[in-house]
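Visitor: I would like to learn how to read the features of a structure such as this one. Could we go through the strands, the helices and the cores in turn?

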Amino acid sequence: MLQSTLEFAPKFRPEHDVKVNLKALAASLGLSQTTVSRALGGYPDVSETTRKRVAEAAQRLGYRPDPLARRLATGRTDTVGLVFPFSATEFGDHRLGEVVSGLSEGLSAHGMDLSIIPVRPERELETYQRVIDGRRVDALIVAWTRVHDARIRLLQRRGFPFLAYGRTDSPVPYPWFDADNEAGARAAAERLIAFGHRRIGFIHAPLDYNFAAQRHAGFFAALRDAGIAPDHGLILESPLSRASGYKAMTALLGLSAPPTAVLADNNLTGLGVLRAVGDKGLKMPRDISMIVYDGVSSDAPLPYTVTAVQQLTGEEAGHVMAEQVIAILAGKPVHELHHLGQPVIEAGDTDGPVDVAGPPAPPAPKRRTRRRAVS
């Protein structure tokens with residue numbers, strides 16, 4: 001009976017029944033553990049042929065690295081951090097949410113996690129310092145870059161791996177992912193000018209944000225090239241929020257000579273701008289033309305399609321950034337770690353040829369008439 005039982009017992013298959021460790025994987029390939037470890041880590045000093053051979057063997061044998069052993073041996077956490085100043089966007093930036101989704105998915109494919117670290121803006125630099133000192137992550141992603149960015153300078157000074165989501169004025173080379181914001185805003189303004197608009201409003205984010213400074217430059221360059229003197233009464237700065245966009249647009253529509261077209265330089269402000277137009281009872285593009293940089297979320301309940309300056313989708317951008325981070329950790333040269341996307345105009349229902357009459361002027365205040373006394 002014992003012999004019969006053994007004959008029908010399942011055969012021993014180490015790739016399914018036993019966890020294969022690094023030592024066993026290396027022995028099966030006739031390679032050193034160091035070579036196998038570096039091949040799995042994507043280090044550039046290991047040939048592509050060897051990396052592929054190791055990856056195939058790891059998959060075939062069911063190799064899974066021991067996270068604790070890996071961290072002790074390499075000092076790596078297999079985590080990338082994103083410090084998020086949560087009041088900056090009211091958690092309402094759909095594009096950043098899509099980028100985070102793409103980043104998480106892209107990093108996961110390499111066995112890494114994304115850690116979101118929320119912080120009040122006034123404590124942001126302090127948080128960066130604490131994360132660096134504690135080596136809580138292997139690399140950081142710096143979002144909402146400023147023209148003069150103290151976070152970038154800190155990371156460069158400390159030699160900590162990072163990817164900037166946007167450029168800065170730093171003279172020291174560093175890895176970044178960005179889009180040609182100046183070209184995008186210029187194209188939007190040129191489109192409105194081609195439609196015959198001359199009184200073009202511009203609602204922009206604070207100019208210490210690098211993307212805002214670039215889009216501001218592109219807008220003014222388009223006016224200058226068309227021979228249009230900018231009307232600074234039509235140019236308003238607005239914090240990154242829907243409420244601020246609503247307030248700014250309401251102010252423009254309240255002018256005695258309001259603009260015939262408006263460009264909003266970000267999607268957060270843009271939602272408030274569109275709401276203000278609707279609340280005034282105006283129809284686009286009949287009464288006013290609108291373009292929103294980055295468009296609006298697809299789940300926004302709007303009865304029209306917004307004309308937008310579009311880049312890679314947020315998820316696509318996240319995937320590209322994930323590959324950049326992996327390349328940074330693998331020691332790829334900085335000059336190969338730059339990505340500059342080219343924006344395009346996606347035509348919608350909210351802009352078109354100028355109406356000579358322009359948007360309705362605000363109603364004149366009612367004048368009180370005094371009754372004449374009857375003698």
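This is a predicted model: local features need pLDDT of at least 70, side-chain atom pairs count only at pLDDT 80 or more; totals for chains, interfaces and linings use all residues.

Visitor: In which sense do S6 and strand S8 pair, and over how many bridges?

Guide: As a general idea, strands of a sheet pair through backbone hydrogen bonds, either parallel or antiparallel. Here S6 and strand S8, which covers residues 261-264, pair in the parallel sense over 4 bridges. S6 also pairs with strand S7 (residues 235-237), again in the parallel sense, over 3 bridges, and in S7 the bridge partner of His204 is Glu237.

Visitor: What do S6, H11 and S7 make together?

Guide: S6, H11 and S7 make a right-handed β-α-β unit.

Visitor: Is strand S6 largely enclosed or open to the outside?

Guide: The cut-off to keep in mind is that a residue counts as buried under 20% relative accessible area. In strand S6 (residues 200-204), 5 of the 5 residues are buried, so the strand is largely enclosed by the rest of the structure. Both of its faces are covered, with Ile200, Phe202 and His204 buried on one side and Gly201 and Ile203 buried on the other.

Visitor: In what order do the strands of the open sheet with mixed pairing follow one another?

Guide: That sheet has 6 strands in the order S7-S6-S8-S9-S10-S12, and its pairing is mixed. Its edge strands are S7 and strand S12 (344-346), each of which pairs on one side only, and the twist averages 20° from one strand to the next. Within the sheet, strand S9 (residues 289-293) and strand S10 (residues 307-310) run parallel and are joined by 3 bridges, with Val292 standing opposite Ala308 in S10.

Visitor: Which strands of this sheet does H11 touch?

Guide: H11 packs on the sheet and touches S6, S7, S8 and S9, its direction making about 170° with that of S6. Helix H13 lies across S6, S8 and S9, and runs at about 160° to S9.

Visitor: What is the strand order in the open sheet with parallel pairing?

Guide: There the order is S2-S1-S3-S4-S5-S11, an open sheet of 6 strands with parallel pairing. S2 and strand S11 (338-341) are the edge strands, each pairing on one side only, and neighbouring strands are turned by 20° against each other on average, direction ignored. Strand S5 (residues 176-179) runs parallel to S11 and is joined to it by 4 bridges; the bridge partner of Ala179 in S11 is Gly341. H7 packs on this sheet, touching S1, S2, S3 and S4, with its direction at about 145° to that of S2. H14 packs on the sheet as well, touching S1, S3, S4, S5 and S11, and its direction makes about 150° with that of S4.

**A helix and the cores**

Visitor: Which residues touch the most other members of the largest nonpolar core?

Guide: In soluble globular proteins, nonpolar side chains tend to be buried together. The largest nonpolar core here has 31 residues, of which Leu107, Ile141, Trp144, Tyr165, Met321 and Val325 touch the most other members. Among the elements that give two or more residues to this core are strand S1 (79-85), helix H7 (94-108) and helix H14 (314-329), and H14 supplies the largest share, 8 residues. Leaving aside its neighbours within four places in sequence, Met321 is in contact with Val99, Leu103, Ile141, Leu163, Tyr165 and Phe177. A second, separate core of 19 residues includes Ile203, Leu234, Met284 and Ile288.

**A loop residue**

Visitor: Is Arg64 buried or exposed?

Guide: Arg64 lies in the loop between helix H5 (48-61) and helix H6 (67-74). Because its relative accessibility is 54%, Arg64 counts as exposed. Arg64 and Val20 are 44 residues apart along the chain, and their C-alpha atoms are separated by 7.2 Å.

Methods. Residues are numbered from 1 along each chain as its sequence is written. Side-chain values use heavy atoms; hydrogens and water are left out. A nonpolar core is a set of buried Ala, Val, Leu, Ile, Met, Phe, Trp, Tyr and Cys residues joined through side-chain atoms within 4.5 Å. Buried means under 20% relative accessible area, exposed over 50%, partly exposed in between (1.4 Å probe, protein chains only). Contact means heavy atoms within 4.5 Å. Two strands pair if DSSP finds at least two bridges between them. A crossover is right-handed if, with the strands pointing away from the viewer, the path from the first strand over the helix to the second runs clockwise. Axes are lines fitted to C-alpha atoms, for helices over the stretch in contact, and angles run from 0 to 180 degrees between N-to-C directions.
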